[in-house]
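Here is a briefing on charged side chains and their pairing. Look at the model first, then read the points below.

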Amino acid sequence: MLLALALTYSGFTALSLAMNRHYKQVFATRPSPLQRVVFKASGWALLVVAAWRCLVVFGAANGPIVFLGLISAAGLSLIVLLSYRPGWALGLAVAVPLIGVWV
Amino acid sequence: MAPVHTWAGLLVGWVLFFVFVTGTLGYFDAEIDRWTRPELPRQDAVTAAESVQAAVAHLNRVAPEADRWFIAPPTQRERPNLYVFWERETHGESEAGRGYALLDVETAEPIEARDTDGAQTLYRMHYAMHYMPRIVGEYIVGICSMLMLIAIITGVVIHKKIFKDFFTFRPRKGQRSWLDFHNVLSVTALPFHLMITYSGLLFLAVTYMPLIVAGTYGVGSDGVRQFYDEAFPREDHAEPAGQPAALADLGSVVADAEGQWGARQVRSLSVYHPGDVNARVEVYRRIDNAVRRGDERVYDGVTGELLAAPAEQPSGVRTVRDVLLGLHEGLFAGPVLRWLYFLSGLMGTGMIATGLVLWTVKRRARQLARVTGPAFGHRVVEALNTGTVVGLPAALAAFFWANRLLPLEMDQRAEWELHVLFIVWALTMIWAATRPLMRGWTELCWLCALGWAAIPLISVLTTDRPLTRSISEGDWVFAGLELTALAIGMLFAAAAWYLERKHAPSPSRDKAGCRRANRQGAM
């Protein structure tokens, strides 16, 4: 469960970094076109893996509902962090999946 | 589209806020129920087999002639204590024809708790309101939900950059920030908002649209009854034969069902015509899956033989309805999903609150600039916003206080718990209407902070279950509720502290800053 939440959060972080505005919040520069493509692709990939984790852990009936709930939880926390503590937002995106895998 | 969104949302916003708050609490109704009856024993280790033995012993004594017994063992989240219910159909709806009790499993004797409705009336209010006939409340909620659905759909249409602004929140920018936050709460939980509003309407579709049933079954209550009989047929139903016969051992019936479904999977049982040769036992399965609803097995009540197991597939229409209603109630949700439901409900509540505040923030500067002062209508909206968004949470805290502090022997105690809620809410409304705008917000935030954060303290003083004991014994219903109350209290304290700082007269601020703050209407 924690892993699914972490993957959703990291996926969203990558997708946000593919956008100029949010990349600037974190790094204070603009992303190169290549970086944008990489962030976008890895963001979507992470979300797909997160959705798959939900299906495995919670089953085909409850899994999609859990995933939608995780989108709300991960999205809200990322948006708040990006606005007030952009550094933490990035750090969490790296740290939480590692903790998730470890647990 | 934009004016439709604005005015549909504003008109029903205060009712919707009430509906969302009470409905969101409903996701923890069983937990609140248990917290509001602290004198009841913890029964979560009791098995279904032990439960039916005690239940049958009790029901044989108090209601051997009943047409139906209902037994819910405390093996499920929604029943913290063994619950039995009986009814005699021949007595109609009269008091003598039905009864219920919570039972001690060892002695099969009823256990008494304080007179409270716990979370159930709070929950009921989210679709039927209070202090009015049920049908009136249902129509009010129905109309508001319909406007909510319109507000959601128009909201999606008028949101110009729904994907581009998905992660966007720009703080400390006045109206811009409110709109951003309104969008964030709306968009990230959009599937929940749509589902909960649409399925909420579907719950009472037959009430709201009686002509659909009347078109096929005729006007009047007979037609409605026939519709329900056909839409929800009972499997292997039998009329009583009038010949007495001993009831089968329900312990082995439960064991058979658990053998099929797994341990602790029996949710409840109904015994029809106990003591008759045509007795029937229906065993219902625990709901832990969003798609599979209402699994049940029917047994012969004398021989204990299995008569029917779920085989028949309900119609497509019925399946869609069942799944949507199941999604709304979330009975299948385990702890993780339950908290996600709770979070989504809070986000819906926040969406409504930010929408209401946005309406006033957008108009406040112009209203304050008027020579004659803000228009009456504007002042009403401001007061209703304050009195609802921070008044209702304070009133809910008062409800929890009342549960602990009202004298146990008080007449109509359960009703008074709710009277306290509404009296406090009315007082906060008056407060909001009479205090200067930002003082009203700040002071009511402090009141909420105090009210919620003090809930664990009141438990220490009035029960033998202080928070420390609940935590050390691993009683996560009590501990969870009180820790959540503490967290809510601290959030309100943070909000109040923020508002205090923001609106304190500060000498260091330059004149332009002051003017800007005034112009932005101070929020």
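A salt bridge is a side-chain nitrogen of Lys or Arg within 4 Å of a carboxyl oxygen of Asp or Glu. This is a predicted model: local features need pLDDT of at least 70, side-chain atom pairs count only at pLDDT 80 or more, and totals for chains, interfaces and linings use all residues. Residues are numbered from 1 along each chain as its sequence is written, and side-chain values use heavy atoms, with hydrogens and water left out.

**Salt bridges**
- Over all chains, the structure holds 26 salt bridges.
- R21(A) and D165(B) pair through their side chains at 3.0 Å, N to O.
- R21(A) lies in helix 2 (residues 20-27) of chain A and D165(B) in a loop of chain B, so the pair joins two chains. Helices are DSSP runs of H or I, at least four residues, numbered from the N terminus.
- D322(B) bridges to R321(B), with the closest N and O atoms 2.9 Å apart.
- R435(B), R439(B), E443(B) and E500(B) form one network through salt bridges that share partners.

**Burial**
- Buried means under 20% relative accessible area, exposed over 50%, and partly exposed in between (1.4 Å probe, protein chains only).
- D165(B) is buried at 13%, while R21(A) is partly exposed at 34%.
- D322(B) is buried at 11%; R321(B) is partly exposed at 28%.

**Disulfides**
- The structure holds 0 disulfides over all chains; a disulfide is a pair of cysteine sulfur atoms within 2.5 Å.
- C54(A) is buried at 0% relative accessibility, and C144(B) is buried at 5%.

How values were computed. Chains lettered and ligands numbered in written order.
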